[in-house]
Amino acid sequence: QVRLVESGGGQVQAGDSLKLSCAAISHFTMGWFRQASGKDREFVASISWPGRKISYAASVKGRFTISRDNVENKVYLQMNSLQPEDTAVYYCAQGRNSIVSDSSSDYIAWGQGTQVTVSS
């Protein structure tokens, strides 16, 4: 079983960019979620297998880009124009099938998370 391990988090200034990466599971949707301190986990982005369908949360659409490399078995989250409200722990997740979903209940495996902190 492939472990989902996120990398690429860090502390940046508002307006900066970061790129998160995680192992991707072939034939399954992959998603990114985030959880800010004191808040519920929320959907960020989802990409189907093999990658034709993508979904974003309204709060990140136009700033974040999810992608997957099906040769290297990686999923990425390119985050541009980061804002303080993007500060959260970001989680990579494996979907239960190949269809995009914004519901955490449709994901069956989760990484440990990587911290993203954006200061103003």
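This is a predicted model: local features need pLDDT of at least 70, side-chain atom pairs count only at pLDDT 80 or more; totals for chains, interfaces and linings use all residues.
Residues are numbered from 1 along each chain as its sequence is written, and side-chain values use heavy atoms, with hydrogens and water left out.

Y90 also belongs to the largest nonpolar core, which has 31 residues; W32, V75, L77, M79 and Y90 are the ones touching the most other members. A nonpolar core here is a set of buried Ala, Val, Leu, Ile, Met, Phe, Trp, Tyr and Cys residues joined through side-chain atoms within 4.5 Å. Buried means under 20% relative accessible area, exposed over 50%, and partly exposed in between (1.4 Å probe, protein chains only). At least two core residues come from each of strand 2, strand 3 (30-35), strand 4, strand 6, strand 7, strand 8 (88-95), strand 9 (107-110) and strand 10 (114-119). Strands (E, at least two residues) are DSSP runs, numbered from the N terminus.

## The 2-7-6 sheet

Three strands make an open antiparallel sheet, in the order 2-7-6; two strands pair if DSSP finds at least two bridges between them. Strand 2 (18-23) and strand 6 (64-69) are the edges, and each has a single partner strand, so one side of each lacks a neighbour in the sheet. Neighbouring strands are turned by 15 degrees against each other on average, direction ignored, going by lines fitted to C-alpha atoms.

Strand 2 pairs with strand 7 (residues 74-79) over 6 antiparallel bridges, and S21 sits opposite Y76 of strand 7. Strand 6 and strand 7 are also antiparallel, over 6 bridges, with I66 bridging to L77 in strand 7. The hairpin of strand 6 and strand 7 has 4 residues between the strands, and N73 takes a positive phi near 55 degrees there. Strand 6 is two-faced: F64, I66 and R68 are on the covered face, T65, S67 and D69 on the uncovered one.

## Aromatic pairs

A pair of aromatic rings is described by the distance of the centres and the angle of the planes. Rings of Phe, Tyr and Trp (its six-membered ring) pair if their centres lie within 6.5 Å; planes under 30 degrees apart count as stacked, over 60 as edge-to-face and the rest as tilted. That rule gives 4 aromatic pairs. F33 and Y107 make an edge-to-face one, at 5.1 Å centre to centre with 80 degrees between the planes. F33 is in strand 3 and Y107 in strand 9, so this pair ties together parts 74 residues apart in sequence.

Y107 also pairs with W110, this time tilted, at 6.1 Å centre to centre and 55 degrees between the planes. Y107 is buried at 5% relative accessible area, whereas W110 is partly exposed at 26%. Ring pairs link F33, F43, Y107 and W110 into a cluster.

## W49 in its loop

W49 is in the loop between strand 4 (42-47) and strand 5 (54-56) and is partly exposed, with a relative accessible area of 23%. Setting aside neighbours within four places in sequence, W49 contacts S26, H27, F28, T29, R68, N70 and S98.

With H27 there is a side-chain to side-chain polar contact at 3.2 Å. A polar contact is a pair of N or O atoms within 3.5 Å; within protein, one must be able to donate a hydrogen and the other to accept it, and residues adjacent in sequence count only if both atoms are side-chain atoms.

Terms used: Axes are lines fitted to C-alpha atoms, for helices over the stretch in contact, and angles run from 0 to 180 degrees between N-to-C directions. Contact means heavy atoms within 4.5 Å.
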